[in-house]
Amino acid sequence: MKKLFSFLFILLSITAVAQNNNYILSLDGIGPLKLGIPLTELENLLKTKNTLKVINIDSVQLTETIKAKYKGIDVEINLFKRQDNIITVDGIKTSSPLCKTKTGLGIGSTRLQIIAAYDGYHIDARPIFN
């Protein structure tokens, strides 16, 4: 019986770690959802076909924001049409607490957690006077 519980615990831990890697924040994006990827690759990641309302209709407008779901979290994606007419991801925004950096920082992290994660760096933390 103990072996069964141990096996289930290990299996659930591996599954949780594997799912959590999809939400790792970096300067490039969120997991495989990266800045600069073309619209076709974005649609493959999101598993949806996006209908653009501005970029393909107005030849002057080169940016558009779409709202989508990526692996269960809400994201806002800014698209940009380059001079070679390729539409790429220019920005990604989310407010999900599931998205965290490799050090574990994310939305809802306290100031002390941030300071502890960047121990050794110069941090100027003082009150703001208005």
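## A tyrosine at the surface

Tyr 118 is partly exposed, with a relative accessible area of 36%, where buried means under 20% relative accessible area, exposed over 50%, and partly exposed in between (1.4 Å probe, protein chains only). The model is a predicted one, in which local features need pLDDT of at least 70 and side-chain atom pairs count only at pLDDT 80 or more, while totals for chains, interfaces and linings use all residues. Residues are numbered from 1 along each chain as its sequence is written, and side-chain values use heavy atoms, with hydrogens and water left out.

Tyr 118 is found in the segment after helix H3, which covers residues 111–117. Together with Ile 114 and Tyr 121, Tyr 118 makes a nonpolar surface patch of about 320 Å². Patches are made of residues with over 30% relative accessible area and no salt bridge, with like charges joined within 9 Å and nonpolar side chains (Val, Leu, Ile, Met, Phe, Trp, Tyr) within 5 Å; the areas come from the Shrake-Rupley method with a 1.4 Å probe, and for residues only the protein chains shown count as cover.

## The chain as a whole

The secondary structure of the protein chain comes to three helices and five strands, and read along the sequence these elements follow the pattern α-β-β-α-β-β-β-α. Helices (H or I, at least four residues) and strands (E, at least two) are DSSP runs, numbered from the N terminus. Of the 130 residues of the protein chain, 22% count as buried.

Thr 65, for instance, is partly exposed, with a relative accessible area of 46%. The C-alpha atom of Thr 65 is separated by 6.0 Å from that of Leu 79, although the two residues are 14 residues apart along the chain.

Glu 64 is buried yet has no salt bridge, and the nearest side chain of opposite charge, that of Lys 53, is 6.6 Å away; here Lys and Arg count as positive and Asp and Glu as negative, while His and the chain ends are not counted.

## The hairpin and the loops

Strand S3 runs antiparallel to strand S4 (residues 73–81), and eight bridges join them; two strands pair if DSSP finds at least two bridges between them. Tyr 70 stands opposite Ile 73 in S4, and the hairpin has two residues between the strands.

Lys 71 lies in the loop between S3 and S4, is partly exposed at 46% relative accessible area, and has a phi near 50°, a positive value in a residue other than glycine. Asn 85, in the loop between S4 and strand S5 (87–94), likewise has a positive phi of about 65° although it is not a glycine, and Asn 85 is exposed, with a relative accessible area of 56%.

## Pairs of opposite charge

Side chains of opposite charge can pair when their charged atoms come close. How many salt bridges does a search of the whole structure find? The search finds four salt bridges, a salt bridge being a side-chain nitrogen of Lys or Arg within 4 Å of a carboxyl oxygen of Asp or Glu.

One of them joins Glu 43 to Lys 49, the closest N and O atoms being 3.7 Å apart; Glu 43 counts as buried at 11% relative accessibility, whereas Lys 49 counts as exposed at 67%. Lys 67 meets Glu 76 in a salt bridge of 4.0 Å, N to O; Lys 67 counts as exposed at 68% relative accessibility, and Glu 76 is partly exposed at 29%. Lys 69 forms a salt bridge with Asp 74, with the closest N and O atoms 2.8 Å apart, and both Lys 69 and Asp 74 are exposed.
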